[in-house]
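Keep the coordinates open as you read.

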Amino acid sequence: MHDQHRVRRRRTHEHQHQNHSAIILNSISWYLLLSASFFIWGAYNSLHSSSPDNHYDTKQKQLESRYSVAYYQSYGFFDDISTDEWQRLRSIAKSSGMISAPRTSFDPHYDGNDDDDTFWNAMPSNFFYGNNYDPNFSCRSEVRVGGLGDGPKYVCDPHRIPRAATLNWRMLEGSDSEKSSNQKRAFPLNCLVYSIGCGGNVKFEVGLQELLGTNRCEIYVFDGNDYAATVPKHMDIHFHNWGLRRDRGPNTNDDYSPDENMAFPLSRSLDSMKYRSLSQTMKILGHTGEVLDILKIDCEGCEWKSAMDWLGESSVPPPRQVLIEVHRSPAPFARNWFDEMKKFGYVIFHKEPNLPGCPRGDCIEYGFLKLHPDFYS
């Protein structure tokens with residue numbers, strides 16, 4: 001009888017243990033079921049209540065917001081500079097660099113008459129550029145294109161150029177919202193480069209195409225002398241035998257008259273060399289209204305007067321980058337020229353003397369980048 005009681009008690013204990021195990025298993029099952037239900041509900045809600053497009057749009061807006069000021073004020077050229085960093089760049093640009101020193105700092109006889117250019121005309125060019133108009137902007141990946149010596153140029157972040165070329169419509173008059181999708185598609189996808197004056201040296205043009213790759217940029221070289229033989233035939237580089245002069249208006253047919261303001265006498269007669277304005281050139285080549293991603297100029301002094309052709313005074317949109325060698329410092333052209341460049345939103349990212357070509361310091365290489373005028377405000 002005692003054994004029977006023991007067996008009965010063991011069976012009761014086993015039954016209780018089985019019931020307890022069943023309760024635990026049942027609880028786990030319900031927990032897993034509820035978890036799975038919440039997961040499925042969450043996934044369904046994510047897929048149907050908020051579409052993938054909305055999700056990516058939100059992320060994109062967050063990124064654009066962080067870089068939006070630099071993106072807007074560079075016409076899409078910079079898409080990875082935060083607002084904080086951009087504001088630092090603005091502060092530096094507005095307080096230094098692209099300004100002229102007060103005349104009183106180096107003219108002991110200054111009488112307050114700014115209309116008298118006698119002093120400026122008498123100032124040596126190396127002294128003028130040593131005291132005025134230094135770089136006021138830094139490009140993260142500035143590169144010297146074409147090697148060393150005379151001819152190659154420094155370019156601001158060339159890796160950005162092909163992508164930025166697809167956004168050149170932003171640089172035209174009007175806001176982004178005013179540009180229809182048809183106008184955006186009408187813009188060419190390849191970047192466009194004009195090189196005015198080469199002297200038979202095309203190291204920059206060849207180096208730029210090698211850097212960016214083929215079928216990325218159309219490069220056009222212009223010179224009053226015939227240097228077509230120096231341009232490699234297998235590259236997308238096109239030579240045209242005429243020089244640059246300022247635009248004298250639509251009724252001018254004087255293609256053989258050079259600009260009056262030449263900095264240096266040339267060895268051959270200027271009258272035998274053909275000259276055209278920038279607007280004429282772009283019309284002939286079918287580029288009217290397009291934005292030049294790079295305008296490189298070395299035209300022995302024509303820069304002082306022809307600049308107004310690409311500073312908003314004509315049908316030529318302002319180029320994104322201007323790589324230019326200025327010659328001497330003729331008054332009042334030099335000071336007015338730099339002031340106009342700043343007025344139209346250009347910053348200086350590079351400056352160096354061309355000592356091999358001008359040992360006395362009369363020739364200065366500048367690199368300008370076009371930004372929105374709001375950058376300086």
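Strand 2 (153-155), strand 10 (346-353) and strand 11 (363-370) each supply at least two residues to the lining of the largest cavity in this predicted model. Strand 11 gives the most, with three residues. The lining includes Lys-153, Tyr-154, His-350, Glu-352, Glu-365, Tyr-366 and Gly-367. Arg-144, Pro-152 and Leu-323 also belong to the lining. By type, the lining residues divide into four nonpolar, two polar and four charged. The volume of this cavity is about 50 Å³. The model has three cavities of 30 Å³ or more.

Seven strands form an open sheet with mixed pairing, in the order 5-4-3-8-9-11-10. Strand 5 (237-240) and strand 10 are the edges. Each has a single partner strand, so one side of each lacks a neighbour in the sheet. From one strand to the next, the twist averages 15 degrees.

Strand 9 (residues 321-327) pairs with strand 11 in the antiparallel sense, over seven bridges. Gln-321 has Leu-369 of strand 11 as its bridge partner.

Two helices pack on the sheet. Helix 8 (residues 203-212) touches strand 3, strand 4 (217-222), strand 5, strand 8 (294-297) and strand 9. The direction of helix 8 makes about 180 degrees with that of strand 4. Helix 11 (residues 333-343) touches strand 9, strand 10 and strand 11. Its direction makes about 20 degrees with that of strand 11.

Finally, look within strand 3 (residues 191-196), where Ser-195 lies. Is Ser-195 buried or exposed? Ser-195 is buried, because its relative accessible area is 0%, under the 20% cut-off. Beyond its sequence neighbours up to four places away, Ser-195 touches Glu-205, Tyr-220, Val-221, Phe-222 and Lys-296.

How values were computed. Residues are numbered from 1 along each chain as its sequence is written. This is a predicted model: local features need pLDDT of at least 70, side-chain atom pairs count only at pLDDT 80 or more; totals for chains, interfaces and linings use all residues. Side-chain values use heavy atoms; hydrogens and water are left out. Helices (H or I, at least four residues) and strands (E, at least two) are DSSP runs, numbered from the N terminus. Buried means under 20% relative accessible area, exposed over 50%, partly exposed in between (1.4 Å probe, protein chains only). Contact means heavy atoms within 4.5 Å. On a 1 Å grid over the protein atoms alone, a cavity is a set of points where a 1.4 Å probe fits but cannot get out, and a pocket is an open set with protein on both sides within 12 Å along at least five of seven lines; lining residues have an atom within 4 Å of a point. Grid points are joined across faces, edges and corners, and a volume is the space filled by probe spheres set on the points. Ala, Val, Leu, Ile, Met, Phe, Trp, Tyr, Cys and Pro count as nonpolar, Asp, Glu, Lys and Arg as charged, and the others, Gly among them, as polar. Two strands pair if DSSP finds at least two bridges between them. Axes are lines fitted to C-alpha atoms, for helices over the stretch in contact, and angles run from 0 to 180 degrees between N-to-C directions.
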